[in-house]
Amino acid sequence: MGKRATKAHYIIKKDQHGFPVNTPKYKTHFWGISADQRAAPAPTHPNARKSARTGLEQSCNRPFTSPHLKESKLLYGYPRGPYTWHKHFPIARKGLRQSPINIVPRKAEYDDALTGIPLWVFYREEDDVMLENNGHSLECQITQLGYLTGGPLGNKLFRLAQFHLHWGADDTRGSEHTIDWKQFAAELHLVHWNTKYGSFAEAVHKSDGLAVLGVMIKSGVENPVFSVVSDNLGGLIQPHSEDTIPFSLDPTDLLPGDIRAYWTYEGSLTTPPLFESVQWIVFKEPVEFSPSQLDALRRLIDSDGNQMQDNFRPPQPLKGRQVRASFQ
Ligand SMILES: [Zn+2]
């Protein structure tokens, strides 16, 4: 399936998967949004959108307001933070399906069922790009209706909530997943929730609640789509800052050209509370960001006041899990 085929108009034309047809544009900023809010039409005044966003406090990597989740050096300070998470979140060590993992391609099991139902991505272009420096990552809130289904998700429909990145202090490290222990310069995560649960907040701790697409990023040529983000980070340097970039961006264009080849396994959030709720789909083909695009991320400041770098969790034990591959 070519990139053009994944554009928004397919949402209108394709309804055999149960996609909404002629659905009005809803503005959904965070997963904690109520059913009433979800059913409401989009606010049209730009300030309405901003205030709706500010009024909600949940974000992907800190989806709850537990006192344990206050950002501190203990919890999020990288690179040591991940080695302390088990004190407040025992699942960090006791869990049976923690993420990320080291993917060993020769041990991955080819599963032709994955190609029987191809992975389908139906995203829409964001009119503006709503970005947040959340203190430990750079996150883009999705305001349009975007969906993921097929592949390991079968006929279950998952909705895109946000994307964010993990990166290193230099190009030798940065990704969370490793491939044969090779670490990439960065990793893009597109986070989706299972629509059978009604909201992200209800889905986030369910065993089949989330699906995350992982895209490896290596240093190379400039990525013109990501430039919309990386060229406009001036207002996001400080932790817990938000900015809306007045340019359009289609998340589809951040994916690799070939989304048919991927590894998939059952895992978890890679930040506290580390819920074991994620069907991971990690693409084989990396995409490239230029050195200056990666440097733009490294200039952000984290919640400890340091440069935001090395914000990745290291690979976790497989504990008997089988990684499946969609390709031979
Ligand atoms: Zn992530």
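Visitor: Hi! How many helices and strands does the protein chain have?

Guide: Welcome! The protein chain has 10 helices and 15 strands. It is a predicted model, with 328 residues in the chain, and 45% of them are buried.

Visitor: What does the pLDDT average over the chain?

Guide: The average pLDDT is 82, and 77% of the residues score at least 70. Residues 1-70 are a stretch to treat with care, as their pLDDT is below 50. That stretch still has 94 contacts in the model beyond near neighbours in sequence.

Visitor: Why the care?

Guide: Where pLDDT is low, the predicted coordinates should not be read in detail.

Visitor: Okay. What share of the contacts join residues at least 24 apart?

Guide: Counting contacts between residues at least 6 apart in sequence, the share that joins residues at least 24 apart is 73%.

Visitor: Let's go inside. Which residues touch the most other members of the largest nonpolar core?

Guide: That core has 70 residues, and the ones touching the most other members are V121, A186, L210, A211, V212, V215 and I217. Strand β10, residues 210-219, gives the core its largest share, with seven residues. As a general point, nonpolar side chains tend to be buried together in soluble globular proteins.

Visitor: Pick one of those for me. What does I217 touch?

Guide: Setting aside residues up to four places away in sequence, I217 touches F184, A185, A186, E187 and L188, and also P286, V287 and F289.

Visitor: And where is G220?

Guide: G220 sits in the loop between β10 and α9. Beyond its neighbours within four places in sequence, G220 is in contact with E288 and S290.

Visitor: Is G220 buried, exposed or partly exposed, and why? Which is it?

Guide: G220 counts as partly exposed because 16 other C-beta atoms lie within 10 Å. The C-alpha atoms of G220 and Q293 are 9.8 Å apart, although 73 residues separate the two along the chain.

Visitor: Where does Q293 belong?

Guide: Q293 is in helix α10, which covers residues 291-298. The buried residues of this helix are Q293, L294, A296 and L297. Looking down the axis of α10, these buried residues fall within an arc of 150°, so they line one face of the helix.

Visitor: What do the buried residues of α10 pack against?

Guide: They pack against β5, β7 (158-167), β9, β10, α9 and β14 (287-289).

Visitor: New topic: strand β4. Mostly covered or mostly open, which one?

Guide: Strand β4, residues 129-133, is mostly covered, with five of its five residues buried. V129, L131 and N133 point one way, while M130 and E132 point the other way. In a regular strand the side chains alternate between the two faces of the sheet.

Visitor: Which strands does β4 join up with?

Guide: One is β11, which runs antiparallel to β4 and is joined to it by five bridges. N133 stands opposite S241 in β11. Another is β5, residues 138-141, also antiparallel to β4, with four bridges. There, the bridge partner of E132 is E139.

Visitor: How many residues lie between β4 and β5?

Guide: Four residues lie between them, and the two strands form a hairpin. G135 in the turn has a positive phi of about 95°.

Visitor: What about residues that are not glycine but have a positive phi? Which ones are they?

Guide: D180 is one of them, with a positive phi of about 50°. D180 lies in the loop between β8 (178-179) and β9 (186-194). H240 has a positive phi of about 65°, and its place is the loop between α9 (227-230) and β11 (241-245).

Visitor: Are they buried or exposed?

Guide: D180 counts as exposed because it has 10 C-beta neighbours inside 10 Å. H240 is exposed too, with 11 other C-beta atoms within 10 Å.

Visitor: Last one: where are there cis peptide bonds?

Guide: The bond from S99 to P100 is cis, with omega near 0°, and P100 lies in the loop between α6 (91-94) and β1 (102-103). The bond from P272 to P273 is also cis, with omega near 15°. P273 is in the loop between β12 (262-267) and β13 (278-283). Most residues other than glycine have a negative phi, and most peptide bonds are trans.

Conventions. Residues are numbered from 1 along each chain as its sequence is written. This is a predicted model: local features need pLDDT of at least 70, side-chain atom pairs count only at pLDDT 80 or more; totals for chains, interfaces and linings use all residues. A nonpolar core is a set of buried Ala, Val, Leu, Ile, Met, Phe, Trp, Tyr and Cys residues joined through C-beta atoms within 7 Å. A residue is buried if 20 or more other C-beta atoms lie within 10 Å of its own, exposed if 12 or fewer, and partly exposed in between; C-beta atoms are placed from the backbone. Two residues are in contact if their C-beta atoms, placed from the backbone, lie within 7 Å. Two strands pair if DSSP finds at least two bridges between them. pLDDT is the predictor's confidence in each residue, from 0 to 100. The arc is that of the directions from the helix axis to the C-beta atoms.
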